[in-house]
Amino acid sequence: MADLRVNFAGIESPNPFWLASAPPTNMGSMVERAFDAGWGGAVWKTLGEPIVNVCSRLAAIDSGPNRMIGLNNIELITDRPLDVNLKEIRACKRKYPKHALIISLMVESKREAWHEIARQVEDTGADGLELNFGCPHGMSERGMGAAMGQVPEYTCMVTEWVKEATSLPVIVKLTPNVTSITPPARAAVKGGADALSLINTINSLMGVDLDTMIPHPNVNGMAAHGGYCGPAVKPIALNMVSELARDAEVNVPISGIGGIGTWRDAAEFLLLGSTTVQVCTAVMHYGYRIVEDMIDGLSNYLDEKGFQSVTEIIGRSAPRVTDWGSLDLHYKTVAHIDHSKCIQCNLCHIACEDGAHQCIPFTEIDGKRFPIIDKQECVGCNLCYLVCPSPGCISMVRVDDGSQPVSWRELSSRQPETMTAD
Amino acid sequence: MSTTLNPSIPIEEVERNFREIAPPLTEAEAVFEANRCVYCYDAPCTRACPTHIDVPGFIKKIASGNLLGSARVIFDANPIGATCARVCPVDVLCEGACVEKTLMDKPIEIGRLQRYATDDLMSKGREVLQAGAPNGRSVGVIGSGPAGLSCATYLARLGYAVTVYDRKTLAGGLDTYGMAEYKMTQRVSTEEAAMVSRLGVEFKMNTLITVNGDRSSELQVQNLDTISLAELEAKHDAIFIGIGLGATTRLNIPGEDLQGVYDALDFIERIKTREWSSVPIGRNVAVIGAGNTAIDAVTQARRLGAERVLLVYRRSQKEMPAYEYEYELAKKDAVEFWWQTAPVEVLSTEDGGGVAALRCVRMELGEPDSSGRRSARAVEGSEFDIPVDMVIKALGQQKMRDFLGAIDGVKLDEAGRIAVDKATGRTGNPKFFAGGDCVNGGREAVDASQAGKLAAQGIHESLTGEHVEFAGTRLPLLEETHEIKAH
């Protein structure tokens, strides 16, 4: 069985599965139950000056019968007294010395405030700090959270303040609500961050109650934008993680966050450069118990692929991400329909007809009408393969015409005048 | 009377036995099922439906929470969509064609989804169809069954003044009087007829159309008004014949008219009242025939409390005309199947007041006959008696040749069915149109509904020259895309 242990910026963890700073890590008893369930680490619900929350804090988007493919919240940081949290952190760490216990922090933009809280946490025996520069709602209106993460200079400055006060590993949690994730990431590293975690939640408004016409979540007739998370945000998170994993100036470990609910999601984050992953929404949906299959599934996957340790796959797929301009323009695939598996729903036809390149007409086979690929016209876009409900029916087959790979970058450097039109 | 047949089980048990076999979907079930539909393009379910309802269209409206729109899609193409949701042989129509049947051997429950959408509409009393502006023309519809109701609906939508004539008290024809009670109650059908009525269609019930204005004493006893065909022709610009079929075919064996021998349709009609104590039922019941009506008779005889129910059929199970799932239903009800058995006499009780037994012979099967089924021949000396106290005849219905033959120009085929132009329902007499069982010889309600639609369009074109096509008139023909240039 593959070794799932990881060392994340000096923090030892029995597996890469951590709970993200959120309601599931609100207090000691919860974190302890999570560790008992198998979670390797937990990032404690953000500490700071206690706040007052609004009532009605969550809203979700469903996809057909699938509930909560996206979740949004307007909850703030911990509403519990600091001394109570610190006491529980100390007890928890004592009880679970081998688990990773990270404490998320967010205080006002004052050097002394950050110094003070960093020292208090270090005193508990916790393994590391995570600076919450990402929370997009509420706290950002008070100059905290995303308000810090969106300005690289602040990110750098506050990271430096924390590093001045503690010897613990410092993780900076980044907000995705920026034009590019790279500047704040580099700023954090410049400020001395030992690691990065991303993504925090995305600005979002979840919808409107069509009867009352009040948006969700309704707080006495009014709503506010909140932070979006859950399965729907995974691709956005994967993109940002892979960008930082490929950035030479960001040479610190990454804890991937965003839509992770299964070992498959986790493996993708690891392959694109995350050393650990953090989970919240899936646990809010199904409970701590989901970690059992995450561990089991990842372990089986690593065994089947012949890896001894999970560390062997970290970042393995990151070099496979490049810029569009470097992709091979000569690579060609066309769709192939296995008519023995075709159920004649014609979704490929109508998708291609109305949404792609009009290259799936019909043909008659044994008196039945089947969609068929016009291989000359097929541009290999994948749409038919994506919409087909019958497993294995449509595949994308490589057409190798023997030509050498060439990218737009190469072509345009050779013949700049002919490429401008493209 | 020595044999008053009555249920031998408590009424509450009968009520339980007659609960719907396909209960309504809950909201959660309906939404889940609707989301399971893959939303085929040029969908096989729509192709399979005789009325070509846009099935994926109405299902996706259930998924989106647009139930009013969903019901409109259904009733637009099929005015008896609520009935069909319950009584259609979906296994051989829409659900039988569903791609989910291919993919995971579990077709979308189209029938129950259709019921969900139509139930919602009818429970809220909302309307999805509107009568057209009056066009000054008038059409008479003979028969308020599925064909007549459908034809009347589309004609009303086109602005015609429509009068429906029916000899029964309640509208709906066999939808009201002939459907197995565990599939559908009368209320669904009568509510559908009420929807048609709200389009301005006039219903003249308890009214018999006669060939020559016969007002015999017998008819007056039955409390029927009569109107002659001539009066009808004078009153209306066109007439639609949707009279269905006639009396159950006779056995032509001794004892057939004994007390205790019933027509399946009469038996079912008694059940439809749900006045259980007045429904005749024996302890040992033989049903003769093996069509879908025979199945309705055996399953309901069991539900009424008959201890032993036999289905007697002269051919084998292979030749049985009933649908496979209907046969399965009867098997579940512990019905005995007497294959290759033909009745030769109904034996009476000693006092002559009832049925004592059914005398049968064994049958041999030979080569296929004109019907395509293997011919059956009695085995000499194979007579035997089955003790039964009730016999139900389910041999199919006869054609109403006498009535139809009396209409000038209306031609019948050799089987006694009205010959029509399929696309318009026009008969040999340009003023008369026809559809449903009297044309097709006895098929599903949904077939009759489509025939009513086509005839309404045919009537309109014949009277105005204008060609109209309502939803589901034709298959939504999928335009072929460009030719494949090369392979």
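The model is predicted: local features need pLDDT of at least 70, side-chain atom pairs count only at pLDDT 80 or more, and totals for chains, interfaces and linings use all residues. Residues are numbered from 1 along each chain as its sequence is written, with chains lettered from A and ligands numbered from 1 in the order in which they are written.

**Chain A**
- Chain A has 14 helices and 18 strands (DSSP runs, numbered from the N terminus: helices are H or I with at least four residues, strands E with at least two).
- The C-alpha trace of chain A spans about 75 × 55 × 50 Å along its principal axes.

**Sheet in chain B**
- An open sheet of 5 strands runs in the order β7-β15-β8-β9-β10 (chain B), with parallel pairing (two strands pair if DSSP finds at least two bridges between them).
- β7 (261–263) and β10 (336–338) of chain B stand at the edges with a single partner strand each, so one side of each lacks a neighbour in the sheet.
- Strands β8 (residues 284–288) and β9 (residues 308–312) of chain B are joined by 5 bridges.
- B:Val285 has B:Val309 in β9(B) as its bridge partner.

**Chain contact**
- 19 residues of chain B are in contact with 19 residues of chain A (C-beta atoms, placed from the backbone, within 7 Å).
- α2 (27–36) and α8 (99–104) of chain B each give two or more residues to this side.

Technical notes:
Two residues are in contact if their C-beta atoms, placed from the backbone, lie within 7 Å.
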